[in-house]
Amino acid sequence: MGWISWVIIVLAVGILACFGVGIFRKKQGSDVRDNGELTKGISFDPEKQEPVIRSSICTGEKVAGFKSKEDGHFTEVMVLRTPKDEERFKEMYHLDSVKTEY
C-alpha cells in the first residue's frame with residue numbers, strides 16, 4: 001500500500017471520529033428547556049470564571065459555558081443550535097459579549 005493510501009485512511013478515520021463525537025454530544029442534549037429556563041442551577045462568578053463559547057472545528061457544534069480563570073476547567077451550560085440560543089445564554093447571565101474558542 002502506498003503512502004497516499006495511508007493518508008486517505010488516516011483522514012477518513014479522523015473525519016469519522018469527529019462525526020462520532022458530534023453525534024454523541026447531540027444525544028446528551030441541553031441543560032436549557034425550550035422556554036429558556038435552566039434545568040440545573042449553574043451559577044456564574046465573574047471573578048473566578050469567564051463566559052466562553054466552545055466551537056468544534058470538526059462538526060461546527062457550539063457549546064456555551066464558563067471557563068475557570070484558575071485552572072481552565074470548562075462548565076457546560078447549554079448547546080447552541082441557533083443564533084437565538086446564543087442570545088438567550090447572554091440574556092440569562094446578563095452578558096454583553098462572549099468570546100469563542102476553537
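Contact here means heavy atoms within 4.5 Å.

## Ser-55 and its surroundings

This is a predicted model. Leaving aside residues up to four places away in sequence, Ser-55 touches Gly-60, Glu-61, Lys-62, Thr-100, Glu-101 and Tyr-102. Ser-55 sits in strand S1. Its relative accessible area is 9%. The cut-off for buried is under 20%, so Ser-55 counts as buried.

## The sheet

Four strands form an open sheet. Their order is S3-S2-S1-S4, and the pairing is mixed. S3 and strand S4 (99–101) stand at the edges. Each has a single partner strand, so one side of each has no neighbour in the sheet. On average, neighbouring strands are turned by 35 degrees against each other, direction ignored.

S2 and S3 run antiparallel, and six bridges join them. Within this part of the sheet, Lys-67 stands opposite Phe-74 in S3. Helix H2 (residues 83–92) packs on the sheet. H2 touches strand S1 (49–55), S2 and S3. The direction of H2 makes about 135 degrees with that of S3.

## The nonpolar core

The largest nonpolar core has 11 residues. They are Ile-42, Ile-53, Ala-64, Phe-66, Val-77, Met-78, Leu-80, Phe-89, Tyr-93, Leu-95 and Val-98. Two elements give two or more residues each: strand S2 (62–68) and strand S3 (74–80). S3 provides the largest share, three residues.

Ala-64 is one of the core residues. What does Ala-64 touch, not counting residues up to four places away in sequence? The list is Val-52, Ile-53, Phe-74, Glu-76, Val-77, Met-78, Leu-80 and Phe-89. Several of these also belong to the core, including Ile-53, Val-77 and Phe-89.

## Salt bridges across the sheet

Side chains of opposite charge can pair when their charged atoms come close. The count in this model comes to seven salt bridges. One of them joins the side chains of Glu-101 and Lys-67, at 2.9 Å from N to O. Glu-101 lies in strand S4 and Lys-67 in strand S2, so this pair ties together parts 34 residues apart in sequence.

Is Glu-101 buried or exposed? Its relative accessibility is 18%, so Glu-101 counts as buried. Glu-101 is also among the contacts of Ser-55. A network of salt bridges links Glu-101 and Lys-67 with Glu-50, Arg-54 and Lys-99.

Arg-88 pairs with Asp-85 in a salt bridge, with the closest N and O atoms 3.1 Å apart. The two are three residues apart in helix H2, so about one helical turn separates them. Asp-85 has 10% relative accessibility and therefore counts as buried.

Lys-90 forms a salt bridge with Glu-86. Here the closest N and O atoms are 3.7 Å apart. Lys-90 and Glu-86 are four residues apart in helix H2, so they too are separated by about one helical turn. Lys-90 counts as buried because its relative accessibility is 14%.

Methods. Residues are numbered from 1 along each chain as its sequence is written. This is a predicted model: local features need pLDDT of at least 70, side-chain atom pairs count only at pLDDT 80 or more; totals for chains, interfaces and linings use all residues. Side-chain values use heavy atoms; hydrogens and water are left out. A nonpolar core is a set of buried Ala, Val, Leu, Ile, Met, Phe, Trp, Tyr and Cys residues joined through side-chain atoms within 4.5 Å. Buried means under 20% relative accessible area, exposed over 50%, partly exposed in between (1.4 Å probe, protein chains only). Two strands pair if DSSP finds at least two bridges between them. Axes are lines fitted to C-alpha atoms, for helices over the stretch in contact, and angles run from 0 to 180 degrees between N-to-C directions. A salt bridge is a side-chain nitrogen of Lys or Arg within 4 Å of a carboxyl oxygen of Asp or Glu.
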